[in-house]
Amino acid sequence: MNLLGEEITARDDASAATREYLEILETIAARKVQSCISIKPTQLGLGIDRTFFEENLSTVVSKAKSLGNFVWMDMEGSRYTTQTVDSYLELVRKFDNVGLAIQAYLKRSEEDVNRILGLNGKIRLCKGAYNESPEIVFKKKDDINRNYSKLMRLIFERGQGFAIATHDEKLIQEAITLSNVHHADFEFEMLMGIRDKKKLELAQSGYRASEYIPFGKRWWAYSTRRISEHKSNIFLLARSLMSG
């Protein structure tokens, strides 16, 4: 579950988001929902002050730990990548119930993956959805997929408790092949409302398949970014609006 909201610039708003995530974790536990949470660093104050953000993040991860739950950290635009990775690497030394999204279109990601795996961290591998400079990201689909495959092989060889977050059939099949070789502890993750039949197919074949479920009032920036990532997502947005 992901409470929508990023690029928060007011401390009160970041503190409110932190409190809401604590309530979400308590509700998940009370209702015995099979779910974890995913946060965006700027939602908890990374764009305001790193120390403030790390205090909020530690509060959320500590709460999740006490309830037997897990926290994913999303990755945002490139101006936050270094701080996000560094904060995660500090946090994972204290907590084992936190993972970090890594974007395959970033040219620096192989180095980040190796650093994270070196500390037994947990990775959610995704392609990346922000409009970035060709100096720092791969722009062509084939190049992004090639790097995704490269990173995925590294993670299967050395990682545990990771997530393969893609809707791409070729990459899904490649992950299945790798899983037959390495027998790693991992799951597939996809957005709510996309490739629902595939999720069921994977689950029926014995794989874990999770849905990333965004909710809340701050939906516009998230939706427009998803549409720019893939134009067909406009139909998903329209269906969501029509259904309330």
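Where is the place of T9 in the chain? T9 sits in the loop between β1 (2–3) and α1 (11–31); helices (H or I, at least four residues) and strands (E, at least two) are DSSP runs, numbered from the N terminus. T9 counts as exposed because its relative accessibility is 69%, where exposed means over 50%, buried under 20%, and partly exposed in between (1.4 Å probe, protein chains only). In sequence T9 and L46 are 37 residues apart, yet from C-alpha to C-alpha they are 8.9 Å apart in space.

A word on how to read this: the model is predicted, so to speak of local features takes a pLDDT of at least 70, side-chain atom pairs count only at pLDDT 80 or more, and totals for chains, interfaces and linings use all residues. Residues are numbered from 1 along each chain as its sequence is written, and side-chain values use heavy atoms, with hydrogens and water left out.

Here's the chain at a glance.

| Property | Value |
|---|---|
| Residues that count as buried | 49% of 244 residues |
| Accessible surface (Shrake-Rupley method, 1.4 Å probe) | about 12500 Å² |
| Part of that surface on carbon and sulfur atoms | 51% |
| Mean pLDDT (confidence in each residue, from 0 to 100) | 91 |
| Residues with pLDDT of 70 or more | 89% |

The secondary structure comes to nine helices and nine strands. Take contacts (heavy atoms within 4.5 Å): among those between residues at least 6 apart in sequence, 66% join residues at least 24 apart.

Now for helix α4 (residues 109–118), where S109, D112, V113, I116 and L117 are buried. They lie on the same side of α4 because they cover an arc of only 130° around the axis, going by the directions from the helix axis to the C-beta atoms. Over on the other side, E111 and G118 are exposed. The cover for the buried residues of α4 includes α3 (81–91), β4 (98–103), β5 (122–126) and α5 (141–158). After α4 comes N120, with a positive phi near 60°.

Further along, strands β7 (residues 186–191) and β8 (residues 209–212) run parallel and are joined by four bridges; two strands pair if DSSP finds at least two bridges between them. M190 stands opposite E211 in β8. To get from β7 to β8, the chain passes through helix α7 (residues 196–204), a right-handed β-α-β crossover: with the strands pointing away from you, the path over the helix runs clockwise.

Finally, residues 238–244 have pLDDT under 50, and the model gives them two contacts beyond four places in sequence. Where pLDDT is low, the predicted coordinates should not be read in detail.

Note on methods:
pLDDT is the predictor's confidence in each residue, from 0 to 100.
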